[in-house]
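Here is my note on the model, point by point. Please keep the structure open while reading.

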Amino acid sequence: MSEGTLPGGQPLNPVEPFLRMDRMPHIWCPGCGIGITVNCFARALVESRVPLEQTVVVSGIGCTGRVAGYLNLDSFHTTHGRAIPFATGLKLANPELRVVVYSGDGDLIAIGGNHFIHAARRNVDLKVICVNNFIYGMTGGQIAPTTPLTALGTTAPYGTFEQPFNLPYLAESSGAVYVARWTTFHVRQIAKAMREMFQKKGFSFLEIISPCPTLYQRRNRLGDGLETMKYYKEKSLTCHGANTKEVSIGFQSEILVGKFVDIERPTFLETMNDQLARTLGQEYRRYGEGHGDD
Ligand code: SF4
């Protein structure tokens, strides 16, 4: 057996060490985009050489929420909508950790929406990855706060008429310092954005538009996962620095992708330390500085 091969000469998949192979096979449907994002995440970990013992993944509930359980890192599968407060607690208890929140649009933006905006407002140093497939997958295809107008869901059999969130705009206006969006067609760009987030200090947000062939695509007669990848390829327009107010997504519309925001702003711990040092003077020992990335 040579280096990089398995017994029998099969090539060793470079992302395999990042997965809990004892949990395979995974639960995701054929053509689902979530696995693609996991592959990008593993590659970003390899390429950025971040210390794995200091990297933690937190997820809530839902199909994307399963990611935490399949990764061979310290990971936490928390309750519905509570990934961000759980991650905030982890980060504040141990500022040396690189804390990644990896979940779906329903978990992060519906049930967890309030946590999302407040963590961004405070600029807690979290790397938030939202796999947005426009639907509640695990619970049967109900419309989500991201479902484009007129699309069908089990709770909108005649087409939704609720205005969806524009997630990059929501993230930026709440205070995020890094905001990007790609689709699962853009695997290199996703991995690059993840690497950038690993290095970024503050609330960083990556939206990944992803197919759910079993529920969203099927109910809306949009074909399988491959058809959706063709749609992403044809209808995505890279527009770095775009005004996030103008990147909302309509039903089967053009999708503006790119890195929209990359700014610096004091983190939650920095502002806390500055305020307490001002008030308490030399007696105050700054917390969580001098190590890690915060
Ligand atoms: S229901 Fe949709 S999101 Fe969930 S695993 Fe299947 S294809 Fe993916």
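1. Basis. This is a predicted model, in which local features need pLDDT of at least 70 and side-chain atom pairs count only at pLDDT 80 or more, while totals for chains, interfaces and linings use all residues. Residues are numbered from 1 along each chain as its sequence is written, and side-chain values use heavy atoms, with hydrogens and water left out.

2. Strand β6. Helices (H or I, at least four residues) and strands (E, at least two) are DSSP runs, numbered from the N terminus. Buried means under 20% relative accessible area, exposed over 50%, and partly exposed in between, with a 1.4 Å probe and protein chains only. Strand β6 covers residues 204-209, and six of the six are buried, so the rest of the structure largely encloses this strand. In a regular strand, side chains alternate between the two faces of the sheet. Both faces of β6 are covered: one carries Ser204, Leu206 and Ile208, the other Phe205, Glu207 and Ile209, all buried.

3. Neighbours of β6. Two strands pair if DSSP finds at least two bridges between them. Strand β4 (residues 126-132) pairs with β6 in the parallel sense, over six bridges. Strand β5 (residues 178-183) also pairs with β6 in the parallel sense, over six bridges. Opposite isoleucine 208 stand valine 131 and tryptophan 182. From β5 the chain runs through helix α7 (residues 187-199) to β6, a right-handed β-α-β crossover. Right-handed here means that, with the strands pointing away from the viewer, the path from the first strand over the helix to the second runs clockwise.

4. Helix α1. This helix (residues 34-48) has 15 residues and reaches 21 Å from first C-alpha to last, close to the 21 Å expected at 1.5 Å a residue. The expected span is 1.5 Å times one less than the number of residues. Its buried residues include Ile34, Val38, Phe41 and Leu45. The buried residues of α1 pack (contact means heavy atoms within 4.5 Å) against β1 (55-59), α2 (67-70), β3 (98-104), β4, α7 and β6.

5. Ligand shell. Which residues are around the ligand? They are Trp28, Cys29, Cys32, Cys63, Asn133, Cys212, Pro213, Thr214 and Leu215, each with a heavy atom within 4 Å. By class, the shell has seven nonpolar, two polar and no charged residues. Ala, Val, Leu, Ile, Met, Phe, Trp, Tyr, Cys and Pro count as nonpolar, Asp, Glu, Lys and Arg as charged, and the others, Gly among them, as polar.

6. Threonine 184. This residue is in the loop between β5 and α7. Threonine 184 is buried, at 0% relative accessible area. Backbone checks. The methionine 24 to proline 25 peptide bond is cis, with omega near 0°. Proline 25 is in the segment before α1. Arginine 49 has phi near 50°, a positive value in a residue other than glycine. Arginine 49 is in the loop between α1 and β1 and is exposed, with a relative accessible area of 73%. Asparagine 123 has phi near 55°, again positive in a residue other than glycine. Asparagine 123 is in the loop between α5 (113-122) and β4. Is asparagine 123 buried or exposed? At 0% relative accessibility, asparagine 123 counts as buried.
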